[in-house]
Amino acid sequence: MMQHPYTEAEIQAVVDVMRNAEGQTQGKYLEKFEKDFAAFVGAKYAFGVNNCTNALKLAAIFCHIQPGDEVIVPAYTYCASAIPFGDLGAHIVWADINKDTWTIDPDDFERKITPKTKAVVAVHLLGIPCDMKRIVAIARRHGIKVVEDCAQALDCRIDGQHVGTFGDFGCFSFHAAKTMTTLGEGGMFVCSDDQVAHNVPGIRHNGLCAFQGERERYWVPAMSNVDEFLEDRWPQNFCLGEAQCALGSEQLKSVIANNEILIEQDRKIREWLKDVPEITFPGIVEGGRYVVHQYIMHYDGSKYGKNRNDLLDLLTQKYGVRAIVQYYPLYRYPLFQKKGCGAYDCPVLDAWWDNSFSFPWWCGIDDESMRIMCEGLIHAVKDLRG
């Protein structure tokens, strides 16, 4: 489900490309979107790609991941945070979550560093900023690359600095469920390294580049060259279409306003539920801006011998509120177990996750719908108290 409907200006931006673009990819709309996005997040370089998974794949490529390298990834995240690294042969080491913020625990990250550790993936899950100052400091001491997965965190900041610009690489998503979308799919890769930035376009687009030097005839030997940009990597095709880029530039204009709506929705729900001690919400690192991408809560019914399943049974069947459960710990999925990444030591996540759940969530929920959800939850919790 989209977070919010397209505006007429956004629709017109796509129509304009269909009518007027000289080509449907790799043109002026991509160039504009990349410049607009770099300015929005404060990045030196930004490169549009077809999805955030492939932005993460670019990050994995530029971390020079080799088979047998270790990459530390929080076990509480969407599977795409880990798959691109595993695909290049990395062994995934699962990091635990901080008990308050529910994002990667810097202390656990440091505990799990070995001589094989090549990179850490800091996921700003749910729009909650990780403790980037500590994570980067730890990584720099050990010579480890920092990849920021910002798929759910556009406009998420720490002391005014946008996430994705603290580490070596930042990766963003414009999937349909995000605060902004480029026709259902899309992503952005950001970095500050000049040499990486020089190599990204070739890696992104099948190694295509210009022939060097003057040519007697513009068609000899062909219109474009194909070359390598990294000695240990084949190029890929991660290109983003012009219509998507035009829409992206337009959607950037409303991201902050839409996030303010989500933040206000969060404020209202917390106010409604402030007298329900069984329900808790994520904490935020000092100076952090939480953009509330999804609405995860935690239920503690241990005093009454009850758990999340008891709560959701009541909430769904008796009060008509269809809550859901997000993001199974990745070490529990068959994919990672079959790939040799099933081992874990994440006691905080293991104790916390089985009692987490989320409300339905989108930008612009009316007060009556939020009231119904909150009152249903309050009544269900009271029922479970017996």
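User: In which loop is the place of Tyr327?
Analyst: In this predicted model, Tyr327 has a phi near 55°, a positive value in a residue other than glycine. Most residues other than glycine have a negative phi. The place of Tyr327 is in the loop between α10 (308-317) and α11 (334-338).

User: Is Tyr327 buried or exposed?
Analyst: The cut-off for a buried residue is under 20% relative accessible area. Tyr327 has a relative accessible area of 13%, so this residue is buried.

User: What is the relative accessible area of Gln26?
Analyst: Gln26 also has a positive phi, of about 60°, although it is not a glycine. Its position is in the loop between α1 (8-20) and α2. Gln26 counts as partly exposed, and its relative accessible area is 30%.

User: Which residue does a cis peptide bond join to Val220?
Analyst: Most peptide bonds are trans. Here omega is about 0°, and the bond is cis. The second residue lies in the loop between β10 (208-209) and β11 (225-226). The residue joined to Val220 is Pro221.

User: Which residue in β9 is the bridge partner of Ala46?
Analyst: β1 and strand β9 (residues 187-191) run antiparallel and are joined by 5 bridges. Within β9, the partner of Ala46 is Val190.

User: Which residue in β14 is the bridge partner of His298?
Analyst: In strand β13 (residues 296-299), Ile296 and His298 point one way and Met297 and Tyr299 the other way, and all are buried. Strand β12 (residues 279-280) pairs with β13 in the antiparallel sense over 2 bridges, and Thr280 stands opposite His298. Strand β14 (residues 356-358) also runs antiparallel to β13, with 3 bridges between them. The partner of His298 in β14 is Ser356.

User: At roughly what angle do the axes of helices α9 and α13 cross?
Analyst: Gln265, Lys268, Ile269 and Trp272 in α9 meet Asp367, Met370, Arg371, Cys374 and Ile378 in α13. By class, this contact has 5 nonpolar, 1 polar and 3 charged residues. The crossing is right-handed. The axes of α9 (residues 255-272) and α13 (residues 367-385) come within 10 Å, and they cross at roughly 35°.

User: How many disulfides does the count come to?
Analyst: A disulfide requires two cysteine sulfur atoms within 2.5 Å. The sulfur of Cys79 is 12 Å from the closest cysteine sulfur, in Cys52, and is therefore too far away for a bond. Cys363 is in no disulfide either, and the nearest cysteine sulfur, that of Cys156, is 16 Å away. The count of disulfides is 0.

How values were computed:
Residues are numbered from 1 along each chain as its sequence is written. This is a predicted model: local features need pLDDT of at least 70, side-chain atom pairs count only at pLDDT 80 or more; totals for chains, interfaces and linings use all residues. Side-chain values use heavy atoms; hydrogens and water are left out. Axes are lines fitted to C-alpha atoms, for helices over the stretch in contact, and angles run from 0 to 180 degrees between N-to-C directions. Helices (H or I, at least four residues) and strands (E, at least two) are DSSP runs, numbered from the N terminus. A crossing is left-handed if the near helix is turned anticlockwise from the far one by less than a right angle, and right-handed if clockwise. Contact means heavy atoms within 4.5 Å. Ala, Val, Leu, Ile, Met, Phe, Trp, Tyr, Cys and Pro count as nonpolar, Asp, Glu, Lys and Arg as charged, and the others, Gly among them, as polar. Two strands pair if DSSP finds at least two bridges between them. Buried means under 20% relative accessible area, exposed over 50%, partly exposed in between (1.4 Å probe, protein chains only).
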